[in-house]
Every structure is written in structure tokens, then in C-alpha cells.
Amino acid sequence: MTRSIDDAGSDTPHLVLVGLMGAGKTTVGYQCAKRLSRPFVDTDDLVQTAAGMTVAELFALSGEGRFRAMEREAVGDACASPVPAVIACGGGAVLHADNRRQLKRSGFVVWLQAPPEVLADRVGRGADRAERPLLAGGPVTTLERLAAARASAYEAVADAVVDTGDRSVPEVVDAVLEEYGS
Ligand code: S3P
């Protein structure tokens, strides 16, 4: 599955992070961007800026369909950046085939993985959980279900897989950058 950055198929080989909620895409992505001296883009942030409200508010007010449409625009905008960037994608961005195509075409895609119980531990409480409307029904059960439902989409888009389960953030950053070839 692994390929080198030279095969990324674009003049703008972004480093793209995908994976379920709690995988560490934003935290790790930000640190990778710092190490690479590149801009960091988070598709949830792009959606929130465009909508003028939080993801949770957008879900509540306009529904998941509207969020996903805005997320597709955000992925398109992020991939269109003429400057190579580090792009953290919302956990469900890979569900749409257009997004998978765009991400694969313009970037080197790393799938951050961890067991559902670990993910739930990271995001299943307090503000983190409140910000993620899909977790309202119970983090572990939901993340197990999403892991099963989305595995093939992550698999299809990923150039490399990095396990984050029992690694610190700096260790994950090292592993991602090694896969990326930096
Ligand atoms: C979602 C993940 C969230 C956010 C939204 C939906 C998902 O982003 O995009 O709540 O469908 O998995 P993070 O993965 O950054 O938490």
C-alpha cells in the first residue's frame, strides 16, 4: 500500500491525515506542519469558518447532509492549495468518492489508526464529545460501528497506515513523517 512522495501524482503533494474521530489527525497534523514548515489545514475548521458556526451547531441546524456538502467543498479547497500543506480531514470525509479521488490525486494519505476503546477514551468525554454530534449515542459503540463501516473507505484512500494506539504524539509524528519520506 505504501508509495513514495514522488508517486503522489501531483505538483502539490500535500500530506493528508485521515482516520476516525480521536485518531489524532488535528494534533499530529499540526505538529507535522510545524516540522515541515508548511501550512496546516483542518477541513472541520474550513467548514466552521464558511458556516460561521461549529460543526455541532451545523449538524443541529441544517443536518448532516449540509455538513457533508460543505465538507466536500472544504476538501476541494484544501487540495487546491498551490502551496503544499498538511491537511487533517474530518473522520467522515473519506466516505464520498469525490473526496477520496481528490485526496489521493493531490496528496500522500496517511491513515491514523487506533482501537475504538482508545479513540473513545480520547474524545468520549466533555467538550470533545459535545463537539462531535455523531458520538452523542455512546462513544465506544459508535466508534466500533464507524470503524467497521468505514474501513474499506480508509483502506481505499490510504497510502500508508500508522498505528497511534500506544504511541505518544511525538512518536506518531515521527512515524507519519517517515512514511511521508521526510
Ligand atoms: C466526523 C468527524 C468529525 C467532524 C464531524 C463528523 C465523522 O471530525 O468532521 O463531527 O463523521 O467522523 P474529527 O474526525 O476531526 O473529529
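Q: How many aromatic pairs does a search of the whole structure find?
A: The search finds four aromatic pairs in this predicted model.

Q: Take Tyr30 and Phe40. What kind of pair are the two rings?
A: The pair is edge-to-face, because the planes of Tyr30 and Phe40 stand at 85 degrees. The ring centres are 6.0 Å apart.

Q: Which elements do Tyr30 and Phe40 lie in?
A: Tyr30 lies in helix α1 (residues 25-36), and Phe40 in strand β2 (residues 40-42). The pair therefore ties together parts that are ten residues apart in sequence.

Q: And how does Tyr30 count for accessibility?
A: Tyr30 is partly exposed, at a relative accessible area of 45%. Phe40 also counts as partly exposed, with 23% relative accessibility.

Q: Now Trp111 and Tyr154. Why is that pair called stacked?
A: The planes of the Trp111 and Tyr154 rings are at 25 degrees, and under 30 degrees counts as stacked. Their centres lie 5.4 Å apart.

Q: Where do Trp111 and Tyr154 lie?
A: Trp111 is in strand β4 (residues 107-113) and Tyr154 in helix α8, so the pair ties together parts that are 43 residues apart in sequence.

Q: Is Trp111 buried or exposed?
A: Trp111 is buried, with a relative accessible area of 10%. Tyr154 counts as buried too, at 1% relative accessibility.

Q: Staying with α8, how do the axes of α6 and α8 cross?
A: Helix α6 (residues 116-123) and helix α8 (residues 139-157) have axes that come within 9 Å and cross at roughly 130 degrees. The two helices are therefore oblique to each other. The crossing in which α6 passes α8 is right-handed.

Q: Which residues make the contact?
A: From α6, the contact uses Pro116, Glu117, Leu119, Ala120 and Val123. From α8, Pro139, Val140, Leu143 and Glu144 take part. By class, the α6 and α8 contact has seven nonpolar and two charged residues, with no polar ones.

Q: Back to α1. At what angle do α1 and α9 pack?
A: The angle between α1 and helix α9 (residues 169-180) is about 60 degrees, and their axes are 9 Å apart. That makes α1 oblique to α9. The crossing of α1 and α9 is right-handed.

Q: What residues are in that contact?
A: On the α1 side they are Thr27, Val28, Gln31, Cys32, Arg35 and Leu36. The α9 side contributes Val169, Val172, Val173, Asp174, Val176, Leu177 and Tyr180. For the contact of α1 with α9, the classes are nine nonpolar, two polar and two charged residues.

Q: Where is Ser37?
A: Ser37 sits in the loop between α1 and β2. Its phi is near 55 degrees, a positive value in a residue other than glycine.

Q: Is Ser37 buried or exposed?
A: Ser37 counts as exposed, at 67% relative accessibility.

Q: Change of topic: which helix does Gln48 lie in?
A: Gln48 lies in helix α2 (residues 43-51). Gln48 is partly exposed, with a relative accessible area of 27%.

Q: What is Gln48 in contact with, leaving aside neighbours within four places in sequence?
A: With those neighbours left aside, Gln48 is in contact with Met53, Thr54 and Val55.

Q: And what separates Gln48 from Gly126?
A: Their C-alpha atoms are separated by 20 Å, and Gln48 and Gly126 are 78 residues apart along the chain.

Terms used
Residues are numbered from 1 along each chain as its sequence is written. This is a predicted model: local features need pLDDT of at least 70, side-chain atom pairs count only at pLDDT 80 or more; totals for chains, interfaces and linings use all residues. Side-chain values use heavy atoms; hydrogens and water are left out. Axes are lines fitted to C-alpha atoms, for helices over the stretch in contact, and angles run from 0 to 180 degrees between N-to-C directions. Helices (H or I, at least four residues) and strands (E, at least two) are DSSP runs, numbered from the N terminus. Angles under 35 degrees count as roughly parallel, over 145 as roughly antiparallel, 65 to 115 as roughly perpendicular and the rest as oblique. A crossing is left-handed if the near helix is turned anticlockwise from the far one by less than a right angle, and right-handed if clockwise. Contact means heavy atoms within 4.5 Å. Ala, Val, Leu, Ile, Met, Phe, Trp, Tyr, Cys and Pro count as nonpolar, Asp, Glu, Lys and Arg as charged, and the others, Gly among them, as polar. Rings of Phe, Tyr and Trp (its six-membered ring) pair if their centres lie within 6.5 Å; planes under 30 degrees apart count as stacked, over 60 as edge-to-face and the rest as tilted. Buried means under 20% relative accessible area, exposed over 50%, partly exposed in between (1.4 Å probe, protein chains only).
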